[in-house]
Amino acid sequence: MDLIILCILALLPIIVIFTGLVFLKLGGTLMAVIGWVLTGLIAVLFFHTSPEIVFYASWNGILSSFGISLMVFLTILQVTMMDITGALSRITEYIRAVAAERYEQIMILNVGFGSFLVSVGATPVTMLPPIMLALGFSPVAAIALPCLGYDPLTSFSLLAVPITLPASVFNLDAKEFGSTIALFLPVISTGLALGMLWVADGFTGVKKGFWIALVSGLTLGISAIVFVNILPASAIGLVGVFSGLVTIIVLLLLRAVRRKRMNSGPVSGTGPRNPMPLWKAAFPWILLVTFGILISIPFIQAGLYSILGDAQKIHVVANKVVDLKLMNQAYFWVLVSTVLAAPVLVSSWNKAGTILSVWLKRAWSPTLAAMIFFAIAYVMDWSGRSVLNNTLTFAGGTDAYNMNAVIGLALALAFGIGFPVISPSLGLFGSFISGSESSSNVMFYGILKKATDVLNIDFMKVYAAHAVGGGVASGIAVAKILNAAAVIDKLGLEGEVIRKLAPIAIILTAITGLMLVVMLIL
């Protein structure tokens with residue numbers, strides 16, 4: 001079959017999902033199910049994939065999604081507990097006092113704190129939307145801003161799994177990979193910071209907060225360059241942690257200087273003061289951040305893993321095994337921190353019942369959607385494969401019928417030597433579908449390696465640009481937008497949020513491609 005037709009067929013599920021969300025205003029979970037069914041049918045009918053492989057790929061995707069889907073499920077529980085007990089309102093009151101201006105709130109919370117949180121394995125898209133809404137931002141902005149804020153450091157999130165995972169699988173130098181990614185970040189993080197101001201308040205917001213956005217973006221990006229080069233390769237997971245902290249400190253210092261010049265004291269909230277102590281309100285997050293840092297220590301990681309050992313490995317098919325690493329995952333410690341904090345925050349069994357009821361109502365839809373989007377990603381990745389000699393592989397000639405390979409090959413042939421310009425769009429595409437830069441980096445490694453070998457260009461730079469594109473895509477990943485919408489009871493706004501964020505993601509991905517071309521020339 002003609003390559004162009006195969007490429008259109010491979011892209012069709014994505015086109016259908018995007019159309020349903022953005023133009024037909026259908027729900028994200030419904031479009032995930034439709035997209036999965038369509039992907040499976042196309043894989044079977046046109047890409048030499050058996051129904052059994054579609055099933056196993058979907059099961060593998062669901063298991064592989066736990067780092068995101070169960071994180072969504074359990075973080076919504078924690079945030080719901082903090083919401084109903086008044087802890088979030090107390091935190092919001094404090095933030096309003098520290099940062100009175102909207103652009104300060106956007107940068108401190110989403111760029112600084114969001115980057116820090118995601119680096120230790122927490123989930124800003126669940127934790128921050130209720131605070132943004134309480135601060136007076138519109139529901140669309142309250143969903144969109146946390147999705148954008150941590151995007152520059154997505155590659156350094158989850159204690160740098162998006163870097164260390166492909167590095168270990170493909171025998172890459174993790175430090176070189178991280179250092180190359182960081183070169184893009186001063187420009188991309190600044191662009192995202194300006195984009196956030198536009199999302200919140202249009203060009204008026206950009207004009208008003210331009211300088212603080214510039215400082216935020218450059219501080220975050222330059223900090224990443226510095227820390228990725230001075231820290232040892234074994235500590236690459238701490239790059240995002242330190243960069244986020246530096247950005248928070250710089251922004252708070254700027255706020256303090258500005259307040260001193262204005263000779264003004266702390267800004268009081270407009271409502272009655274919440275008597276809850278701040279430490280108590282933030283106790284679940286204090287525990288979570290502490291646990292996140294502790295489990296980044298190698299000997300603690302090894303000790304936790306040894307508790308369950310091989311019992312947490314699930315065989316899928318042939319040589320494919322998913323290692324859940326349950327006690328090493330951030331979602332496990334979200335649950336632990338929630339359980340430990342519950343006696344401090346929850347005052348009665350009736351309130352506990354209310355929390356559980358609201359949690360289940362909010363959590364099921366984005367959790368299911370995250371699982372299904374991962375299933376779609378793995379059906380595409382396993383398409384064209386079959387089991388031979390107890391190994392999932394391509395039979396003779398079927399590698400030409402892999403959906404991801406078809407898309408990558410079509411782009412490479414269409415653009416030729418100009419392929420680097422559009423190569424970050426593969427990262428955008430991969431993360432949009434799976435909601436995970438880590439999965440995108442693994443899925444498209446082979447395609448990018450083959451393309452760069454044929455074109456005789458620097459693979460590491462191209463692969464780093466691909467990772468940056470995947471990070472930018474976190475802002476429009478449906479699974480993450482659903483998560484943010486669910487936690488503030490605004491499911492149904494996914495399409496509107498994507499319409500708002502898509503131009504930012506596309507522009508910054510294009511800028512990443514242009515930066516890559518300059519790097520390759522130099």
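The largest cavity in this predicted model holds about 40 Å³ of space. A cavity is, on a 1 Å grid over the protein atoms alone, a set of points where a 1.4 Å probe fits but cannot get out, and its lining residues have an atom within 4 Å of a point. Grid points are joined across faces, edges and corners, and a volume is the space filled by probe spheres set on the points. Residues are numbered from 1 along each chain as its sequence is written, and side-chain values use heavy atoms, with hydrogens and water left out. As the model is predicted, local features need pLDDT of at least 70 and side-chain atom pairs count only at pLDDT 80 or more, while totals for chains, interfaces and linings use all residues.

By this rule there are 2 cavities of 30 Å³ or more. Around the largest cavity stand Ala377, Met380, Asn404, Phe429, Gly430, Ile433, Met443 and Phe444. Helices α18 (349–382) and α21 (424–434) each give at least two residues to this lining, and α21 has the largest share with 3 residues. Helices (H or I, at least four residues) and strands (E, at least two) are DSSP runs, numbered from the N terminus. The lining has 6 nonpolar, 2 polar and no charged residues. Here Ala, Val, Leu, Ile, Met, Phe, Trp, Tyr, Cys and Pro count as nonpolar, Asp, Glu, Lys and Arg as charged, and the others, Gly among them, as polar.

The second largest cavity also has about 40 Å³ of space. Its lining includes Asp151, Leu185, Glu437 and Gly471. At least two residues come from each of α12 and α24 (459–472), with the largest share, 4 residues, from α24. By class, this lining divides into 6 nonpolar, 2 polar and 2 charged residues.

Helix α12 (residues 185–230) is also the place of Ser216. Is Ser216 buried or exposed? Ser216 is buried, because its relative accessible area is 1% and buried means under 20% (exposed is over 50%, partly exposed in between, with a 1.4 Å probe and protein chains only). Leaving aside neighbours within four places in sequence, Ser216 is in contact (heavy atoms within 4.5 Å) with Met107, Val111, Thr247 and Leu251.

Met107 leads on to the nonpolar core. A nonpolar core is a set of buried Ala, Val, Leu, Ile, Met, Phe, Trp, Tyr and Cys residues joined through side-chain atoms within 4.5 Å. The largest one has 180 residues, of which Ile106, Met107, Leu145, Phe156, Phe184 and Leu501 touch the most other members. Helix α18 gives the most to this core, with 16 residues. Beyond four places in sequence, the contacts of Phe156 include Ile163, Leu185, Val228 and Val239.

Next come the pockets. A pocket is an open set of points with protein on both sides within 12 Å along at least five of seven lines. The second largest pocket has about 490 Å³ of space. Two or more lining residues come from each of α5 (87–98), α6 (102–119), α13 (239–262) and α15 (283–294). The lining has 17 nonpolar, no polar and no charged residues.

Lys313 stands opposite Asp323 in β2. The hairpin has 2 residues between the strands, and Ala318 takes a positive phi near 50 degrees.

Definitions and conventions:
Pairing = 2+ DSSP bridges.
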